[in-house]
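User: I'd like to learn how to read a contact between two chains, and then a few single residues. Can you walk me through it?

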Amino acid sequence: MDDFMTPLLSIKNVNKQFGDGCDTCLQQEKDVLIKNFCPVCGTVYSCQDITFDLYPGEVLGIVGESGSGKSTLMRCLYFDQDVTSGEAFIRSYKDGKANMFEESAQQKRYIRNHVLGKVYQNPLLGLRMNFSSIGNIAEKLIAAGNRNVGHMEDRGRALLTHVNIPTYRMKEAPKNFSGGMQQRVQIAKALSNNPPILLLDEVTTGLDLSVQASVLDLIKQLQRELNISIIIVSHDLGVIRMLADRTMVMLDGKVVEQGLTDQILEDPQHPYTQQLVHSLV
Amino acid sequence: MSAYNFAFFDEGSKREIRRATLKAIAIPGYQVPFASREMPIARGWGTGGLQLTLSLVGKEDVLKVIDQGSDESVNAVNIKKLVGKTTGIRATEETSEATLIQSRHRIPEIPLSEGQILVLQVPLPEPLRAYESSELVTKKLHGEREYSGAWLMLFEQIMRYGNMSTGADHPVLVHDRYVMAPSPIPRFDNPKMNRSEALILLGAGREKKVYAVPPHTQVVSLAFDDYLFQTESSAGNSCKLCGATDVFMDEFVHEETGETYHQCNDTSYCLSRLNRKVLHQEVPLNG
């Protein structure tokens, strides 16, 4: 099979619940749930039976209202949280035969540092605000085993230039930067190890429109240049339309619709997607 | 001093501290939590080291206490007096003669030998603390041997000052496993820990941790491929009193002339060199 036809990342039946569940919500059909919440025991089913593939060089968009489980899914993929059940395989890791959710904590760290990059909505989560910007980039390189200061400095400078942070500010701490600049430092950090998979969680939410446009431009440009696969989560359909090749729509922890982005936007099938698309001005 | 048990503590307390110490020796560089006792001196004034000393001391031991290289500073004298009064053992200033050496900020210049125990007082045992403030997280990082934070802090120093500028407490990797804070000794003393003949114990009373470097254990100071670990250089300086050159020195400014001069930081080392000189040259002591 051709390289581009084998999925880079396969996610199978991922479930994530907060709470133990009770007889009512575990035994019966999930009709008892109010949205994704069990009224009897209070368990929240954030991600229910989520399965998808990510192909090389592809941008996969995930849309959905807030509380639909998009960010939880991203956190599970980056090991910020443990999944309740499910499997994930990365082609470049152990020939795609090891379920990465069941690897040891050390191996998970390895995957995080070598295969994945993540940009959080809140730069506080992705950056060390009191360390220098170049130090932030070095952190990921050091974690991946680099012990050469000269090399890390060059790499950091190149990346920060790439994301339009002036060289004379690279030794400054991100806490002195504007939100847009912080977000760009985060992107530079996420890209530092040339990860084949980049996870973007609401990267432009909260930024003003012109900065939004420049960050999106940057992502698009980087994706084309480096041919990385991206999963981008957003509740902004404009962002999804501009970036994503394929889109998944999530509602109450479930994937209700998926397909080519154009198809979803032009001919939405699920009532929620229809509502979402029609609300787009 | 019949009001106290031998060595101040009751036997149960000493045993508990020794149990933690044994575990620390078994896992070089690993910080073993222990039930730090209330002491007649305040926490942060060497209680960790003192508890180790008191738990280990026997009637045959000879004690030496150093504070910042000096045997005669207030803290060193007080600790010596406390141990002396509660055990009746002899104190010395001669490094080679001591069986138990408690120290703050220095490892003696005279190489330690087999059978000696060096006890270091530690204010902050966690080498990753400046990088990560949560103990729960740093424990996990140690468990997973994830030490990027320690290197990151050195990287930041290089970015800011052009080299690794750790004044003291430069982190070390022990036995290829645990990254350890060597207590605030100068970088000059770090290499003395590597394959040391003597057992090195480190105690943090306030933070309630004990850790150890057993004899002949490999201790490597963290560094980068292109920024190697360097000790403080004393090149070109010699001790004004004894003329020693390759030792850790204090810098003084003469109050009247304003010129700077250097002296050995390790006072007992300096003194023994001076004594030897006097003996060799047979200089009449009374002029």
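Analyst: We'll take the interface, then a loop residue, then the cysteines. This is a predicted model, where local features need pLDDT of at least 70 and side-chain atom pairs count only at pLDDT 80 or more, while totals for chains, interfaces and linings use all residues. Residues are numbered from 1 along each chain as its sequence is written, chains are lettered from A and ligands numbered from 1 in the order in which they are written, and side-chain values use heavy atoms, with hydrogens and water left out.

User: What area is buried between chain B and chain A?

Analyst: The size of an interface is often given as the accessible area lost when the parts come together. Here, that's about 1900 Å² between chain B and chain A, with 61% from carbon and sulfur atoms (accessible area lost by two parts on being put together, 1.4 Å probe, summed over both). On chain B, the residues losing the most area to chain A are B:E144, B:F155 and B:M159, which together make up 32% of what that side buries. In contact terms (heavy atoms within 4.5 Å), chain B brings 20 residues and chain A brings 21 residues.

User: Which side chains meet in a salt bridge?

Analyst: Look for a side-chain nitrogen of Lys or Arg within 4 Å of a carboxyl oxygen of Asp or Glu. The count between the two chains is one salt bridge: B:E144 pairs with A:R109 at 2.5 Å, N to O. Helix α5 of chain B (residues 148-161) gives the largest share of the side touching chain A, nine residues (a helix is a DSSP run of H or I, at least four residues, numbered from the N terminus).

User: Where does A:T43 lie, and is it buried or exposed?

Analyst: A:T43 is in the loop between α1 (23-27) and β2 (44-54) of chain A (strands are DSSP runs of E, at least two residues). A:T43 counts as buried because its relative accessibility is 2%, buried being under 20% relative accessible area, exposed over 50% and partly exposed in between (1.4 Å probe, protein chains only). Leaving out residues up to four places away in sequence, A:T43 touches several others, including A:F18, A:D20 and A:F37.

User: How many disulfides does the structure hold?

Analyst: Check for cysteine sulfur atoms within 2.5 Å of each other. Over all chains there are zero disulfides. For A:C76, the closest cysteine sulfur is in A:C47, 5.5 Å away, too far for a bond. B:C239 is in no disulfide either, with the sulfur of B:C264 nearest at 3.7 Å. A:C76 is buried at 1% relative accessible area, and B:C239 is buried at 3%.
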